[in-house]
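Let's take a walk through this model together. Have a look at the chains below, and then we can go through their contacts, helices, strands and backbone details.

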Amino acid sequence: MARKLLLEHIHVPGINTFDVYRKQGGYRAVEKALKKLSPDDVVEEVKKSGLRGRGGAGFPTGMKWSFLAKPEGKARYLVCNADESEPGTFKDRYLMTNIPHLLIEGMIVSSYALGANTSYIYVRGEMMPQIRILEKAIAEAKAAGFLGKNILGSGYDLELYLQPGGGAYICGEETALIESLEGKRGNPRIKPPFPAISGVWGCPTVVNNVESIAAVVSIINDGGDEYAKVGIGRSTGTKLISASGNLAKPGVYEIELGLSVEEFIYSEEYCGGMANGKRLKAVVAGGSSVPILPANLILKTTNGENRLMSYESLADGGFATGTMLGSGGFIAFDEDACIVRNTWNYSRFYHHESCGQCSPCREGTGWMEKVLHRLEYGHGTMSDIDLLVDVAKNIEGNTICPLGDAAAWPVASAIRHFRDEFEWHVKHPEKALKGNYGLAHYADPLPPLVVETV
Amino acid sequence: MLKVTETQEITFSKELIKQFDELVTRYPEGKQKSALLPILHLVQAEFGWVSTASMDKVAAYLHILPIEVYEVTTFYTMFFLQPQGKYVLEVCRTGPCNLVGAEKMMQHIEKKLGVKEGEVTKDDLFSWRGVECLAACGMAPVLQIGPDYTYYENLTTEKLDALVDELKSKKA
């Protein structure tokens, strides 16, 4: 069994309550940090751990923390990004539902490191059940003296509040999240200034993903060096992977970074192969925004090396033949999935979620949705395929926030790798309406699963 | 749930105002506007939707302009600007849910309830709509029902029928 740093105690009955969590060694990191370490020591441990932001961008968390400005007489804030909305990603919801105190503990340690006396967890509005769970957990932690004034007699004060969103994918972008926390529309801000200088209410702010904050707990318990030993190369530690789509056992798995993609999909410890004995056609490895890869390229790089679940290996080959680890939203498509229809579905999503500030994104996402709809429903032309590539190219890099890129990449990569499927939709509109293109030459290079007959 | 129409004057109960007051204390002095989203959720839970009259009242309570409330309610998808059924079935229609049958679920709901997306059944009990990713992709297809936003996972047409029938019987 692989090492578990986040979900080690997930199956202990009652782990969602303070008492059981504490009995399993919970809140040791708070005791250690507040009694033995200075805030700068905590930052140093996180730097040493090599932890990279688990929300999708993969930016080193320790470095992000060290950028936080500390002007005299101004409050500093830590805001936890629990606005999990990236299609294919549901790990934060899982973590908050099942082991809420891990997040609370991480928030206390991280707030202490950053010198924040008020911190917020911004939870997406649809997650009201998780908000209720976290509210209860905060109350329990407060009653036990881990939140509030003079925590554990250390002289450190911390208030932790929950903030519900209102239903907007864009609020997962940190500056949009800050706008939303201020009670406004979630329009991303132009950077600079970065939140580390001017964030919530113009004060220095750090925004971190739920999983990043939770990882801080084991970093402090075991030390940053220990954490850095887990994983592979610059992809240190463990990562929660949300597995969905046509898999035998979809769900949330904690993996050591560096696990091979093949093992993740096919081993019984993880996804247990494809559902219903079907064959793998394609994978979106890091949430809907990252480039889609056909089966052959997700399992092996163009050099013939095994593709690993790590920031570097998944990105091997750039966007020509690689993808990104992103948020760890792993969506598997079987031979019956239609790439054109799925790409249209994602485009509709990005069009719906574009905040409308930047015209390339506002207009471009709408056009991509329309053209893809046309292709899917048999009214497309060959030039439509190039038109999509052109629109995607004109969105990418031309917007304030990365939503534009996130909308462009799935379309550009689908055409890059599955162009013949798009062309088939143009040439055989009637067939495309009734059936689908199938595996074609993307066939998963592994032999099909043998189905035992009784 | 209270039933209010667009033009109807509404009053916030003392209990509701008390909850608003607590929310405002979570932010620094003068930053009470931050309580806008949580307050709107409370208002919607109380009345089933957010009417213009209620938005104006929220604006007055927070000492902000009504437009500051309107621009927020029209931006975020969770706030209903028209009356809804008592139970709003919100079905995820994005990516992974779509891979495993979200469209079929929506077609089934439309048939079962006999109303189109966004419409309310004659008995005011149900409305439904497709929504974007609910972050439950591993348990797809999923739907949720406000105001407590309970999730119903791994949906099948049979489960949908049972759910709708159960909610109907609650009315009695």
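## Where the chains meet

The contact between the two chains takes 45 residues from chain A and 35 residues from chain B, where two residues are in contact if their C-beta atoms, placed from the backbone, lie within 7 Å. On the side of chain B that touches chain A, the elements that give two or more residues are helix 2 (36–47), helix 4 (66–75), helix 5 (95–99) and strand 4 (150–152) of chain B. By class, that side of chain B has 20 nonpolar, nine polar and six charged residues. Here Ala, Val, Leu, Ile, Met, Phe, Trp, Tyr, Cys and Pro count as nonpolar, Asp, Glu, Lys and Arg as charged, and the others, Gly among them, as polar.

This is a predicted model, in which local features need pLDDT of at least 70 and side-chain atom pairs count only at pLDDT 80 or more, while totals for chains, interfaces and linings use all residues. Residues are numbered from 1 along each chain as its sequence is written, and chains are lettered from A and ligands numbered from 1 in the order in which they are written. Helices (H or I, at least four residues) and strands (E, at least two) are DSSP runs, numbered from the N terminus.

## Helix 3 of chain A

Which residues of helix 3 (residues 39–49) of chain A are buried? They are A:Val42, A:Val43, A:Glu45, A:Val46 and A:Ser49. Because they cover an arc of only 160 degrees around the axis, they sit on the same side of helix 3 of chain A; the arc is that of the directions from the helix axis to the C-beta atoms. A residue is buried if 20 or more other C-beta atoms lie within 10 Å of its own, exposed if 12 or fewer, and partly exposed in between, with C-beta atoms placed from the backbone.

The packing partners of these buried residues are helix 2 (28–36), helix 4 (61–66), helix 6 (100–114), helix 9 (210–222), helix 10 (224–229) and strand 6 (235–236) of chain A. After helix 3 of chain A comes A:Gly50, with a positive phi near 75 degrees.

## Strand 11 of chain A

Six of the six residues of strand 11 (residues 329–334) of chain A are buried, so this strand is largely enclosed by the rest of the structure. A:Gly329, A:Ile331 and A:Phe333 lie on one side, with A:Phe330, A:Ala332 and A:Asp334 on the other.

Strand 11 of chain A pairs with strand 7 (residues 238–245) of chain A in the parallel sense over four bridges, and A:Ala332 is the bridge partner of A:Gly245. With strand 9 (residues 280–284) of chain A, the pairing is antiparallel over four bridges, and A:Ile331 is the bridge partner of A:Val284. Two strands pair if DSSP finds at least two bridges between them.

## Backbone details to look up

Most residues other than glycine have a negative phi, and most peptide bonds are trans. A:Asn276, not a glycine, has a positive phi of about 55 degrees; A:Asn276 lies in the loop between helix 11 (261–266) and strand 9 of chain A. A:Asn276 is exposed, with 11 other C-beta atoms within 10 Å.

In chain B, the peptide bond from B:Ala140 to B:Pro141 is cis, with omega near -5 degrees, and B:Pro141 lies in the loop between strand 2 (126–131) and strand 3 (143–145) of chain B. Another cis peptide bond joins B:Gly146 and B:Pro147, with omega about 0 degrees.
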